[in-house]
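The entries follow the order in which I checked them.

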Amino acid sequence: MRKDVRILLVGEPKVGKTSLIMSLVSEEFPDEVPLRAEEITIPADVTPERVPTHIVDYSEAEQSEEQLYQEISKANVICIVYSVNNKKSIEKVTSHWIPLINDRTDKDSRVPLILVGNKSDLVEHSSMETILPIMNQYQDIETCVECSAKNLKNISELFYYAQKAVLHPTGPLYCPEEKELKSSCIKSLTRIFKVSDLDNDGILNDNELNFFQRTCFNTPLAPQALEDVKNVVRRNMTDGVKDNGLTLKGFLFLHTLFIQRGRHETTWTVLRRFGYDDDLELTQEYLFPLIKIPPDCTTELNHNAYLFLQSVFDKHDKDRDCALSPEEVKDLFKVFPYVPWGPDVNNTVCTNDQGWITYQGYLSQWTLTTYLDVQRSLEYLGYLGYSIIYEQESQAAAITVTRNKRIDLQKKQTQRSVFRCNVLGERGSGKTGFLQAFLGRNLQRQKRIREDHKSLYAISTSYVYGQEKYLLLHEVMPDFDFLSDADLSCDVVCLVYDINNPSSFEYCAKVYKQYFIDSKTPCVVIAAKSDLHEVRQHYSLSAYEFCRKHKLHPPQPFTCNTTEAPNKDLYTRLTTMAMYPHSRPCCVCACNKCTYCLCQNFLKLELLRSIKAQLRRVIFNRHMAQADLKNSTFWLRASVGATVFAVLGFAMYRALLKQR
């Protein structure tokens, strides 16, 4: 809503423009009226809409035409004043003033007009019969008010209507000729209805109506008031109420009724609460709230955001198959002005056998968007109404900005949930296959992917010692001469070469020596297409010798040419290395220096702490529950139970260690 309102009064000389302003200010008719009143400002706290209001007078005797044009361009609303007892002043409204104002204003952003019939105290009849045809002819005219500066009749109402014409204009909402809502208004209210329809059944039930009422007007509706609203709709249309809930048609009818009865401020209150401006466009402040992201920090969705997105998924997953069909995806994005996900998304995240995005894939895509482009994620959450449903100041409350990566390295621990792995390699080395295998697709499934639907990203969950993390793989296009900061900025690097191509490894070796040899980013060499015959590489060192020389892991064999979904152990190892990059990997043995060994030691300590804590809880709980049992049998059972628990815990640790 506007921060202030500027009202301009124009009209023929002697119609009472200045008298109206002075009567409003002094609350009495002035004995002496100057040629022109000075501009006055009414403070916000004394206006009905709580908005500062500037009232400007125009005098043909004191001002030039150029000054008039300047005032017209600055005005938010223009009151054309005529005298009800002067037919010539009424004729001038259409012959002079309206054409003059229209010539000086942009056609797409016309200023609302108020027709003001002054000196009603001098006649016994109304001028409305003459004025109504004029109002019907010109859409810019908001309303007409008859008043008297002498008797103070309708003076306050005049300026209230002028203020209302600016803050709650009828033009963008309603077409008086057709007597129906405009298409842009219907589109906006339809989105509001769908956002408020929390269970997506096409009906606003009593709980949803109360939530809507409380959200927009800070007060719930009493049960009888709710019933009265529905009864009004029932009396006027047959399909406005269904199953004792309000349908979209009923919702739109109510707002049409509000506007027809002069209560369009009700509709504007709803629209503005849901982020719309005077042109019925979502504001930049609503879609893109301010969020500060320091260097070397990343952005992630927090717990509340994931809960919200889960609820959005659930309300659109009609068949409860934990996947979104194309129709369900289309329904989800009806609250968007465009469809934000293209066909490449289905090859970026996990899908089911039909190629539909699964629940895990859905959350993964949101995680990817937030990590790569947080402003786009804020925009999408705005369309879905996150800040409204979760009653937050803005959707920025859904975002967690992680701490600086250097602090994570210093403390040798991280709270981050998303880790980025850049995948580099020569063209044809198997990078795309490596990304798609992470999504559970073998070579046979990958061959069905259209070339124009391929994605340079793949994201899914990976479990590291029981913790769910997201691993984001990014295929970097092979351009050795130029790698951007984004290509180099990641948590772990994969250098992929084709064991069946003798010139494939050379690219990996050169990239490593050029960009990563002195980097703290862990690197892993991937020997792709390991199902094929391995040939000797043309590079001076073999891949194994190169890794040994530079204290890297030995090349990790990989193939996606399998009958089942490819094995994901390698991706778990990559996530682990991204989480614990504080030691450069040198081997995969028990040297207690490499990343693998440090992670195993971390697991051992955490497991032992957990066993001890649970053992203490078991003994304490049994002691409290059976405090009166002090015989030796109780203590024997407690000791045996604790011992068994400790042995089982240690066995679990050995099993996990062996599995790793």
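I took helices (H or I, at least four residues) and strands (E, at least two) as DSSP runs, numbered from the N terminus. The model is predicted, so I noted that local features need pLDDT of at least 70, side-chain atom pairs count only at pLDDT 80 or more, and totals for chains, interfaces and linings use all residues. Residues are numbered from 1 along each chain as its sequence is written, and side-chain values use heavy atoms, with hydrogens and water left out.

Entry on salt bridges. I counted a salt bridge where a side-chain nitrogen of Lys or Arg is within 4 Å of a carboxyl oxygen of Asp or Glu. The structure holds 20 of them.

I looked up Glu 379 and Arg 376 in helix H15 (residues 374-384), where they sit three residues apart, about one turn of the helix. They form a salt bridge, with the closest N and O atoms 3.6 Å apart. For cover I used relative accessible area: buried is under 20%, exposed over 50%, partly exposed in between (1.4 Å probe, protein chains only). Glu 379 has 8%, so I wrote it down as buried. Arg 376 has 35% and is partly exposed.

I then found a salt bridge between Lys 510 and Glu 506, with 3.2 Å between the closest N and O atoms. Both are in helix H21 (residues 504-516); they are four residues apart and therefore separated by about one helical turn.

Entry on Pro 169. I placed Pro 169 in the loop between helix H5 (155-167) and strand E7 (174-175). Its relative accessibility is 11%, so Pro 169 counts as buried.
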